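I opened my notebook to look up how two chains meet.

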Protein chains: 2
Amino acid sequence: MKTVSDIGEHALIERIANRLHQDAAPGGPGDDAAVLPPTEGPLVFTTDVLVENVDFDFAYCSGADVGWKAIAANASDVAAMGGAPRWAVAAVCMRHDTAVALIDDLLDGMVAASGRWGIGLVGGDVSSAPALSVAVSMIGVSGGRGPVLRSGATPGDRICVTGSLGGAAAGLAVLRGGLERDGVVGRLAARHLRPVARVEEGHAVGEIGPTAMIDISDGLAVDLGHIVDSSGVGCAVELDRIPVDPDLHELKSKLGADAPDPIETAVLGGEDFELLFTIAEERTGQARDALERAGSEMTDIGAIIEGERTIGERSLEEWRKLGWEHLRAR
Amino acid sequence: MKTVSDIGEHALIERIANRLHQDAAPGGPGDDAAVLPPTEGPLVFTTDVLVENVDFDFAYCSGADVGWKAIAANASDVAAMGGAPRWAVAAVCMRHDTAVALIDDLLDGMVAASGRWGIGLVGGDVSSAPALSVAVSMIGVSGGRGPVLRSGATPGDRICVTGSLGGAAAGLAVLRGGLERDGVVGRLAARHLRPVARVEEGHAVGEIGPTAMIDISDGLAVDLGHIVDSSGVGCAVELDRIPVDPDLHELKSKLGADAPDPIETAVLGGEDFELLFTIAEERTGQARDALERAGSEMTDIGAIIEGERTIGERSLEEWRKLGWEHLRAR
């Protein structure tokens, strides 16, 4: 097995530069900085780092899975602002004995995800470290109505979510359990390993004028908490309206008591990267239509109110504590 | 000692968000992504990662030194394009037992360096890892003549450098040697710990129209190699024209045989972050005047030629090998 130490930093950087987006005219990869063309309107700028054995585990992830997720997680943050992701740089730290093949695989995943969302991977840096990590930073271009913040939710708004929830968290559970990856298990595993940033959806919703938006990376309870905290409002989510990933019920039938609880997983599970937004009630129809054109379903799960913050019978705070207990029990 | 585990991720992120640039209207820190105002002209985009025990050592660096350098190294890359650094995001990885005070100190250094060059530190991410690391990504705005690449050097051009060389490498040597940090030792240590990005100088030279430019981060021999490789030209640098940091001679007088060789250190030492550029001979006077107004001296050290690549009697390749041997001997 050839390691990164065997080929040396110079050869490694060349190998990476050859995979970068070559059209970032006129500088392109290999100069002190990438050169980006001028853009109209505000930009959005974000960073997200994934660390081995903390954010991913090579026991059940490939290098390409990690590379894909590093790009997808950043693209999701841009999508949650209603923006279009455009350019990314990546700082990759690796052990001396990291296989060159693993780095190639990581790059494959980054290039595939970048291609999926039209992102130019224009530069990077490498260093050695005791654990592999990938820090991606991404620039996006704001939509025509400007960036959608977390802070504009207003009492009377409806709370809506794209797609379904809980699949990625259940996927992590089946991966950790080492189950055979076929049928429902395979689908859930893929939801964890190859998350989809809702870029088209974020753009579609952004054009309708939501009052607040966030991507669900830490779970519905936590991320809805960010919106209501930033906006200084309350919320009332109806538990039976939450779009639980149907595969969670199928997994429950298959595994019984060993399967995670569908509704708790949908409320607490992170990394689905679905979009959670608040919008004036009279615009929900337009948002639903726009999302349908973008290939996604919308579910109205409750209302922004003054005062208390609940999902079903529990407060957001009680849900968060339940989430921590689940984490501790792992 | 309070550790980052003691206070938890949420409190840590709040602590960091409070130190970020609050004027990145209208999103600001704490949203999914920072919102940046529109800019005219091309942007430049770069990333640079520093890892504990690889790129720095807490045996002789403070947290603030690391934070300062993480910003300065990126600003230097932007300066080497003739651009003005504007916004930065930072992904910080830390051990569970990292002291909160160390993170505060790291932020102090990042905030100080950002303030020095008018950079808005607008966002970030944190994760845990077996070693502390800081990956900063930076966006800069290109100067009026457009970005200065590495690839435009043309036979007949003069090769020029700002300031003096070798100080940062000698500083690293005295820090590793554990010498008392006063007088010349203190000045050299500061050159390693608190490098200055030549932002004003990069802008000043950029306006005169250099054919290529790079910052000296890996040493004159290596970084001149990048220019001649990218440009497909040769070079002839005169050894006795190289602006050796005068403190290297003073250190030699003080330590004798224990001191690093001044000329070799000036040719091979990295992280001075001085700018190396090539420019038509008839413009060297203008460049010198512009740099003087920016508070920096310029030295004309040789010529871009066709064919061979030399610094003094040695080829660039021989210098690089000498550098590797020095590294191995450490």
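Before anything else, a term I need: two strands pair if DSSP finds at least two bridges between them. I also note that this is a predicted model.

Entry, strands across the chains. I looked up β2(A) and found that β2(A) pairs with strand β1 (residues 34–36) of chain B, antiparallel, over three bridges. Within this pairing I checked who faces whom: L43(A) stands opposite L36(B) in β1(B).

Entry, the whole interface. How many residues of chain A are in contact with chain B? I got 53 residues of chain A against 53 residues of chain B. Together the two chains bury about 4,000 Å², with 64% of it on carbon and sulfur atoms. On the chain A side, D32(A), L43(A) and F45(A) lose the most area to chain B, together 20% of what that side buries.

I counted four salt bridges between chain A and chain B. One of them joins D31(A) to R150(B), where the closest N and O atoms are 3.8 Å apart; the cut-off is 4 Å. For polar contacts across the interface, I have 15 residue pairs, both residues at pLDDT 80 or more.

Entry, where the chain A side comes from. Elements giving two or more residues to it are β1, β2, β3, β4, β5 and β7 of chain A. The largest share, eight residues, comes from β2(A). By type, I wrote down 35 nonpolar, 10 polar and eight charged residues on this side.

Notes. Residues numbered from 1 in each chain as written. Chains lettered and ligands numbered in written order. Predicted model: local features only at pLDDT ≥ 70, side-chain atom pairs only at ≥ 80, totals over all residues. Heavy atoms only, no water. Contact = heavy atoms within 4.5 Å. Buried area = accessible area lost by both parts, 1.4 Å probe. Salt bridge = Lys/Arg side-chain N within 4 Å of Asp/Glu carboxyl O. Polar contact = N/O pair within 3.5 Å; in protein donor to acceptor, adjacent residues only side chain to side chain. Helix = DSSP H or I, 4+ residues; strand = E, 2+ residues; numbered from the N terminus. Nonpolar A, V, L, I, M, F, W, Y, C, P; charged D, E, K, R; others polar.
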